[in-house]
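This report looks at one helix and a few of its residues. Please keep the sequence and the structure in view while reading.

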Amino acid sequence: VALEEIRPTVSAATYEAFRRTAIGHEPPEAVAADLGMSRAAVYLGKVRMLAKLREAVARLGDGEEEGG
């Protein structure tokens, strides 16, 4: 649910880089080459996505506690 919430807030390439590196455990160098991005852009996108994901999970957790 949290991932679905943040997906529209990032570019398709950033999401794909995150999915392939963080979830699929692919090497950032290979993902960067496939997507036409620099390795630094792949790392930065992953870090930003993780931060957004943590925030979304925290918001969802707060909402569940208040509603429960």
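Two residues are said to be in contact when heavy atoms of theirs lie within 4.5 Å. The model is predicted. In it, Arg20 belongs to helix α2. Setting aside neighbours within four places in sequence, Arg20 is in contact with His25, Glu26, Ala30, Val31, Asp34 and Leu35.

Is Arg20 buried or exposed? Its relative accessibility is 11%, and buried means under 20%, so Arg20 counts as buried.

## Helix α2

Helix α2 covers residues 12–23. It has 12 residues and reaches 15 Å from its first C-alpha to its last, close to the 16 Å expected at 1.5 Å a residue. Just after α2, His25 takes a positive phi of about 60°.

Which residues of α2 are buried? They are Thr14, Tyr15, Ala17, Phe18, Arg20 and Thr21. An α-helix has 3.6 residues a turn, so residues three or four places apart point the same way.

## Thr21 and Ile23

Thr21 also lies in α2. With a relative accessible area of 7%, under the 20% cut-off, Thr21 is buried. Its side chain reaches the backbone oxygen of Ala17 at 2.7 Å. Beyond four places in sequence, Thr21 is in contact with Glu26, Pro28, Val31, Val42 and Lys46.

Leaving out neighbours within four places in sequence, Ile23 is in contact with Leu3 and Phe18. Ile23 and Lys46 are 23 residues apart in sequence, and their C-alpha atoms are 10 Å apart in space.

Phe18 is one of the buried residues of α2. Not counting residues up to four places away in sequence, Phe18 touches Leu3, Ile23, Lys46, Met49, Leu50 and Leu53.

How many residues does the largest nonpolar core have? It has seven: Ala2, Ile6, Val10, Tyr15, Phe18, Met49 and Ala56. Helices α1 (2–6), α2 and α4 (39–67) each supply at least two residues of this core. In soluble globular proteins, nonpolar side chains tend to be buried together.

Key: Residues numbered from 1 in each chain as written. Predicted model: local features only at pLDDT ≥ 70, side-chain atom pairs only at ≥ 80, totals over all residues. Heavy atoms only, no water. Helix = DSSP H or I, 4+ residues; strand = E, 2+ residues; numbered from the N terminus. Buried < 20%, exposed > 50% of the residue type's maximum accessible area, 1.4 Å probe, protein only. Polar contact = N/O pair within 3.5 Å; in protein donor to acceptor, adjacent residues only side chain to side chain. Core = buried A, V, L, I, M, F, W, Y, C linked by side-chain atoms within 4.5 Å. Expected span 1.5 Å × (residues − 1).
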